[in-house]
Amino acid sequence: MVSYVLRLFAVRRSIQAKIFLSFIILTILTVSSVTWIWYSNTNDMLKANATNYVMDNIRDANHSLDLFMSDFVSLTTLIAMNQENIVKTTRPRFNLSPYDQLLNRQKAESFLQSLYAFNNSILAIDVVGSNKQVYSAGFPKLYYKELEDIWMPEVKAAGGKMQLFSVNLWNGLEPDSEESHLVAIGQAIMRGGYAIGGVFLYLRYSSLVSLFDSHPLLGTQVLLLDENNNPIYQSEDAFRYLDINQPAFTDKLTSLQENGGEIHFQQSDQLILIYRSANTMWTTIAIIPTETLLHDSKVLRGKMGWFIGIVLLAALFISIAVSQGTTRNIKRLNAAMKAVEYGDLKHRDVPYTKDEIGLLSVRFTKMMETIQTLILDIKIKEMKKREADLKALQSQIHPHFLYNTLNTIRYLAKLQHVPNIDEVTDSLIKLLRSATKGGRKLVTLEEELATISSYINIQRYRFVEDFEVKLDVDESLISCLAIPLLLQPLVENALLYGLIGHEIERKSLITIRIAKLPDQQSYVIQVRDNGPGMPPDKLEAIAKGIAAESDDRQMFGIGLANVHERIQLFFGGPYGLRMESRQGEYTLAELHLPIIHSANDSIIPDSTDVSLF
């Protein structure tokens, strides 16, 4: 194989050498690119999924914390606003006998004890009165009194709003405590706009941090900070992975605490996620080591390296086999072409393989059949294109009329309680049925006239101006087939632009005439109104809109252009739409159509286009 490769490279200009080199280079580039893109996208996807997953867990934990705290905030507010048991007891009162003082204490503490049993996450409840008397429930510690003296000015200054406090017990207050922190909710007792005391509800720290004591991903560390950036909860290795005093981290943390919300970013080899709670004002920080996150991806990358080596080795053997087989068939085809060049037209020793060379051999031996096939193929494609153009034009009918009709029904339903609504709705249903027709290409003139009848019936309710519609139809043409929805745009044009909104002395009239032409092979449909007519420039603008083949038609002639192009595509050049108008007298729209009684009738259009004006 080595000698073969050397000979191959010695003949650099051969197709075999080019195929071999191209195959090897393409294989290397493809496999390397795919591997790198896969590895890069996998890492990005893992980081994005990990970020979303951990951030969702942080949001859920903070949401649970908010619900957890809201119960106790409500409980604190209930205590602070209780007039009978708390407010009257804590207000300044003099000349009370010791017995009355004892009764007040028993009443207040009995009330507090009933609330203390509300939740086992409550450590204690203290109510401090204006006379420094403390009413307690639960198991208050001795140092609570010292903390309450420190917190009381801030609680009173808040004017009855909830205040949240946290203290690290292991820093000296209670080093041997099972709970590392003490969390308390404080609220002032108000009377007459003044703070006369305070309520302090102490929460069990372990109940609070259990919401965060979960690791959604292996190696994830969580850090919970209060509003002063003092740690409330932290995973065992949180500070080993994160230095919160780094300037870059501090800037992002400060910005988040000022603006609220959440952010995530990568710092060194860690993903940092920060969430700020709008209720507790506490900050949750999650650290995801990328080394742990991408460990499996790196292992798989090593396996992909071995896979690339195997693929390249296989590509080497395949490229040799493919290049040999390809050049062998090319040589045979070349020999056959030389034989034809020397006059041997019967020579057929060509490779009939299933690849491109075999296809080239077939084209070489059956050239005339291929040309005929191509001609037939072009005709079929042209017919399909014609049908596609027709469907595209049919799909251009916009649903503005449907919206206007539905608004009419809504208007009648709100303002009138009369049977007219049933009539309008029935006409709309008939009109929609005729518009769809289950995909039929042709309908009878009788069906088309029924569609126009429904349309006119609806328009009589839509417009306040009265108008009359006169039909002059040759009964022998009533069963003729035509394209659906040819008359509706013409009648709509006569109504909207010929009669409605124009002041004329005579009664508004639309005449629909259907009559045979002298050749007995075609007929005309005329829609004429007795409106003010059109000036020559506007008539010319409509003519340009009809004759244009571009889809960027002007507003005024869009419906007429659709009708004209559909007729021309379906029946050919001799047929189409003609417009005529005389100012102050009338506007006439005339359709020229072939007489067809069966969908199988053949229509062979003349190549000459129709003159519209």
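Reader: Is tyrosine 144 buried or exposed?

Author: In general, a residue is called buried under 20% relative accessible area, exposed over 50%, and partly exposed in between, using a 1.4 Å probe and protein chains only. Tyrosine 144 has a relative accessibility of 3%, so tyrosine 144 counts as buried. This is a predicted model, in which local features need pLDDT of at least 70 and side-chain atom pairs count only at pLDDT 80 or more, whereas totals for chains, interfaces and linings use all residues. Residues are numbered from 1 along each chain as its sequence is written, and side-chain values use heavy atoms, with hydrogens and water left out.

Reader: How many aromatic pairs does the structure hold?

Author: Rings of Phe, Tyr and Trp (its six-membered ring) pair if their centres lie within 6.5 Å; planes under 30 degrees apart count as stacked, over 60 as edge-to-face and the rest as tilted. The structure holds 9 such pairs. In one of them, the ring centres of tyrosine 116 and phenylalanine 139 are 6.4 Å apart and the planes stand at 75°, so this pair is edge-to-face.

Reader: Which parts does the pair of tyrosine 116 and phenylalanine 139 tie together?

Author: Helices (H or I, at least four residues) and strands (E, at least two) are DSSP runs, numbered from the N terminus. Tyrosine 116 belongs to helix α4 (residues 98-116), and phenylalanine 139 to the loop between β2 (134-138) and α5 (144-157), so the pair ties together parts 23 residues apart in sequence. Tyrosine 116 is buried, at 15% relative accessible area, whereas phenylalanine 139 is exposed, at 62%.

Reader: What aromatic pair does tyrosine 143 form with tyrosine 144?

Author: Tyrosine 143 and tyrosine 144 form an edge-to-face pair, with 5.3 Å from centre to centre and 80° between the planes. Tyrosine 143 is buried, with a relative accessible area of 12%. Both tyrosines belong to one aromatic cluster made of Tyr143, Tyr144, Trp151, Phe165, Phe200 and Tyr202.

Reader: Which residue lies over the face of phenylalanine 265?

Author: A charge sits over a ring if NZ of Lys or CZ of Arg is within 6 Å of the ring centre and within 35 degrees of the ring normal. Lysine 252 lies over the face of phenylalanine 265, 4.8 Å from the ring centre. Likewise, arginine 460 has its charged end over the ring of phenylalanine 467, at 4.9 Å from the centre.

Reader: How many salt bridges does a search of the whole structure find?

Author: A salt bridge is a side-chain nitrogen of Lys or Arg within 4 Å of a carboxyl oxygen of Asp or Glu. The search finds 10 of them. Among them, aspartate 56 and arginine 59 meet at 2.5 Å, N to O. These two residues both lie in helix α2, 3 residues apart, about one turn of the helix. Salt bridges that share partners join Asp56, Arg59 and Glu262 into one network.

Reader: Where do lysine 107 and glutamate 84 lie?

Author: The side chains of lysine 107 and glutamate 84 meet in a salt bridge of 3.1 Å, N to O. This pair links distant parts of the chain, with lysine 107 in helix α4 and glutamate 84 in helix α3 (residues 83-90), 23 residues apart. Lysine 107 is partly exposed, with a relative accessible area of 32%, and glutamate 84 is partly exposed as well, at 42%.
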